[in-house]
Every structure is written in structure tokens, then in C-alpha cells.
Amino acid sequence: MNYNSSLKPSSIKSSCRQYKIYLQNENLVYESLKTDVNSIVTDSSSSGEAIKTFKDKVLNYSAIIATLIEANNLDIMEADSFIELVGDEVLDGMTIIREKRSAKGDYDRYRGEASSCYEKAYKATSVEMANHWKSEASHYDGLASSAYQTYDFYCKKEEKYDQINAASALLFQKSPNLRTAANNLMDLLSEGASDEDIKKCRQ
């Protein structure tokens with residue numbers, strides 16, 4: 001986390017839901033295309049070597065469509081994971097770091113005051129003065145304890161942000177490879193590549 005860090009769950013969730021809708025709609029188009037392609041492949045009204053070669057090429061387009069659907073489905077699942085991951089708490093880096101440092105400064109100062117009071121109590125020349133400084137030390141101990149609780153509170157917020165940030169960095173990493181593979185196969189088909197090259201690309 002740094003001063004520019006910011007986690008706004010409502011905004012992230014809204015973006016994820018919109019992205020899911022886009023992918024789901026895209027999949028509907030792909031599924032329709034897949035149905036059309038499969039109808040061509042399974043059509044037995046004509047035969048011959050030329051028809052077989054044509055159907056083999058059409059099957060390559062079916063593989064592209066299936067790969068794109070798989071990539072979209074992966075991103076849909078990752079979007080759901082992201083929605084669950086971010087939770088509901090807004091985490092602002094500037095506020096968290098400022099308050100954490102302020103609380104740590106208060107804690108150190110109060111601990112210093114308490115230590116000074118204990119030393120004065122130890123050196124006191126009367127019971128009354130010793131008790132006075134012990135009371136003062138106890139007061140600063142209480143303030144230090146409260147300051148530390150505040151410090152710990154913001155430390156945990158910072159840790160929570162860092163954990164979410166680290167986990168989110170692992171999301172949406174699988175689909176790009178699938179889309180690249182689909183695009184590479186499409187390029188080979190467009191270029192009229194050999195069956196051997198196409199076969200290697202599909203592996």
C-alpha cells in the first residue's frame with residue numbers, strides 16, 4: 001500500500017458485473033456461430049473429397065469459437081472471484097497510512113512519557129511523590145495502549161489491502177493465452193497455412 005492506493009468495492013463490483021454481461025452476450029453470439037458451424041460439419045446431404053476438405057477447415061473455425069467461449073467463461077469465473085475478494089470495505093491508502101503513522105507516533109511518545117514517570121517514581125524521595133509519578137505513568141500507559149490499538153487497527157487495514165491486491169494480481173491471467181491461441185489459428189487460416197501448421201497451432 002502507498003498514499004495513492006485505493007480500493008472502492010462498489011466500483012469494482014459494478015465493473016465486474018458489466019464485464020460479465022458483455023462476456024455472456026458475446027458467448028451467446030459464439031454459441032450461435034458454433035451451432036451454424038456444427039450444422040455444416042454434420043450435414044450429410046453431400047459427400048466427396050472436396051466436401052471433406054471443406055468440413056475439416058470449418059472444424060478449425062469451430063475450434064476457434066470453442067476456445068473463445070472457454071476464455072470468456074474463465075473471465076466470468078474470475079470476475080465472480082474478484083467480486084467476492086474485494087468485500088465491502090473502502091480502503092484509502094492516504095488515510096490509512098496517515099492514521100497509522102500518527103498512532104505510532106502517539107504510542108512512542110506516550111511510552112516515553114510513561115518510562116520517564118516510572119524513573120521519577122523510582123527516584124522519588126517520598127512515598128507521596130512515588131505514588132504520584134506511578135499514577136502519571138499508569139495514565140500514559142493507558143494512552144499508549146489506546147494508541148497502539150489504533151495503530152494495530154490501521155495496520156490490519158493496510159494488510160487487508162495488500163492481501164487483496166496480491167490476490168487480484170493473479171486473476172484474469174489464463175484467458176489471454178487462450179485468446180492469443182485463437183487469434184493465431186485465425187491468422188493461419190486467413191493466410192491459407194498448411195494443414196500441418198494448423199495442426200501444430202491447435203495442439
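Lys20 counts as buried at 17% relative accessibility, where buried means under 20% relative accessible area, exposed over 50% and partly exposed in between, with a 1.4 Å probe and protein chains only. The model is a predicted one, in which local features need pLDDT of at least 70 and side-chain atom pairs count only at pLDDT 80 or more, while totals for chains, interfaces and linings use all residues. Residues are numbered from 1 along each chain as its sequence is written, and side-chain values use heavy atoms, with hydrogens and water left out.

- Lys20 has its place in helix H1, helices being DSSP runs of H or I with at least four residues, numbered from the N terminus.
- Not counting residues up to four places away in sequence, Lys20 touches Ile76, Ala79 and Asp80, contact meaning heavy atoms within 4.5 Å.
- Asn72, which is placed in helix H2, is buried with a relative accessible area of 0%.
- Once its neighbours within four places in sequence are left aside, Asn72 is in contact with Leu23, Glu26, Asn27, Tyr30 and Arg179.

**Nonpolar cores**

- The largest nonpolar core has 13 residues, of which Leu7, Ile12, Cys16, Phe82, Val86 and Leu91 touch the most other members; such a core is a set of buried Ala, Val, Leu, Ile, Met, Phe, Trp, Tyr and Cys residues joined through side-chain atoms within 4.5 Å.
- Two or more residues of this core come from each of helix H1 (9-42), helix H2 (49-86) and H4, and H2 gives the most, with four residues.
- Ile12 touches Leu7, Phe82 and Val86, again not counting residues up to four places away in sequence.
- Another core, of 11 residues, lies apart from this one and has Val37, Val58, Ile64 and Leu189 among its members.

**Helix H4**

- Helix H4 (residues 127-168) has 42 residues and should span 62 Å at 1.5 Å a residue, which agrees with the 61 Å between its end C-alpha atoms; the expected span is 1.5 Å times one less than the number of residues.
- The buried residues of H4 include Ala130, Ala137, Ala144, Tyr151, Lys157, Glu158 and Ile164.

**Cysteines**

- Cys16 is buried, with a relative accessible area of 7%, and Cys155 also counts as buried, at 14% relative accessibility.
- A search of the whole structure finds zero disulfides, a disulfide being a pair of cysteine sulfur atoms within 2.5 Å.

**Aromatic rings**

- The count of aromatic pairs comes to six, where rings of Phe, Tyr and Trp (its six-membered ring) pair if their centres lie within 6.5 Å, with planes under 30 degrees apart counted as stacked, over 60 as edge-to-face and the rest as tilted.
- Phe82 and Phe172 form an edge-to-face pair, at 6.4 Å centre to centre and 70° between the planes; because Phe82 lies in helix H2 and Phe172 in the loop between H4 and helix H5 (175-190), the pair ties together parts that are 90 residues apart in sequence.
- Within this pair Phe82 is buried, with a relative accessible area of 17%, whereas Phe172 counts as partly exposed at 24% relative accessibility.
- Phe153 and Tyr154 also form an edge-to-face pair, at 5.0 Å centre to centre and 85° between the planes; Phe153 counts as partly exposed at 45% relative accessibility, while Tyr154 counts as buried at 17%.
- Tyr19, Phe82 and Phe172 are linked by ring pairs into a cluster.
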